[in-house]
Amino acid sequence: MTVKIRLYVDHPLGDGQTVPLNRDQAHYLFGVMRQQAGAHVALFNGRDGEWRAEVTKAGKRAGELTCLEQTRPMQMPPDLWLLFAPIKKARTDFIVEKAAEMGAARIMPVQTEFTNSERIRQDRLQAHAVEAAEQCGGTYVPEVTDLQKLDRVLTDWPLDRQLMFCDEAEAGQARDLAAAKPGKWAILIGPEGGFSPAERKRLHALPNAHVVSLGPRILRADTAAVAALTVWQQALGDWNA
Ligand code: SAH
């Protein structure tokens, strides 16, 4: 029997483990997707891999699944953070969705000097990351953090983490990841207004920073995020693992 529906649940998964469904999940599974008792669904929780589960109780507002067998082992993404300055709502949603699909381990909205939006809806962005993981077959859901000031993030920057600083001022220059070593990494993408001179100066001086160009054209921030994730995954990530 082929399983088409994948659901993220915040519950332990294992042999014979029963998993209660909350109201939203029950509505989705039984109301929207028209599933009934006996149907098979794929479950993952970000820790225990993917499990085939059977619907053992189906109700309007609740339900229960029982795990049958593990169908995929847990696959962790590389230890890569994506730092980006939030832009317009739909484009910010896009960045979070693509970062989850591309295998970022952690998604960190940062407020830079030229960032327009001062607030984000962390819960909505987290829900986008969950949905992206459900549809792309991932077993891991990246954490979306609350908006933090870039200034602060750099002050606390971990000594053991490299930073791929995508600097639009380097557009067209030959600056890539060829000399970079694998390990703990982060990518930084600026806002529509780019980085301020002070931010650029500070980032160029950061010991762990690798200044990178994404080609001769200036990309929009959402395009730049996907391009940077692609370049990093190809050079240092799990595409060739
Ligand atoms: N307003 C700025 C462009 C900002 S583009 C200007 O006109 O110069 C938004 C972000 O995408 C940038 O801050 C940078 O992180 C990234 N980016 C876009 N194009 C890039 C390129 N060719 N090389 C490196 N980074 C780029």
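Predicted model: local features only at pLDDT ≥ 70, side-chain atom pairs only at ≥ 80, totals over all residues.
How many nonpolar, polar and charged residues make up the shell around the ligand?

**View 1. The shell of residues around the ligand.** The residues of this shell divide into 10 nonpolar, 5 polar and 4 charged, which answers the opening question. Of the 19 residues around the ligand, the ones that come nearest are C166, E168, E192, L214 and R217.

**View 2. Polar atoms facing the ligand.** A polar side-chain atom of E168 lies 2.7 Å from an oxygen atom of the ligand, whereas R217 places a polar backbone atom 2.8 Å from a nitrogen atom of the ligand. L219 also takes part through its backbone, with a polar atom there 2.9 Å from a nitrogen atom of the ligand. Taken alone, the ligand exposes 560 Å², and the protein buries 84% of that area.

**View 3. The two domains of the protein chain.** The chain is divided into domain 1, covering residues 6-72, and domain 2, covering residues 80-236. The centres of domain 1 and domain 2, taken over C-alpha atoms, are separated by 33 Å.

**View 4. The interface between domain 1 and domain 2.** Where the domains meet, 9 residues of domain 1 are in contact with 8 residues of domain 2. The size of an interface is often given as the accessible area lost when the parts come together. Between domain 1 and domain 2 the buried area is about 660 Å², and carbon and sulfur atoms give 61% of it. On the side of domain 1, the residues R6, Y8 and F44 lose the most area to domain 2, and together they account for 66% of what that side buries.

Note on methods
Residues numbered from 1 in each chain as written. Heavy atoms only, no water. Near = heavy atom within 4 Å. Polar contact = N/O pair within 3.5 Å; in protein donor to acceptor, adjacent residues only side chain to side chain. Areas by Shrake-Rupley, 256 points an atom, 1.4 Å probe, with all protein chains shown as cover. Nonpolar A, V, L, I, M, F, W, Y, C, P; charged D, E, K, R; others polar. Domains from an automatic or database assignment. Contact = heavy atoms within 4.5 Å. Buried area = accessible area lost by both parts, 1.4 Å probe.
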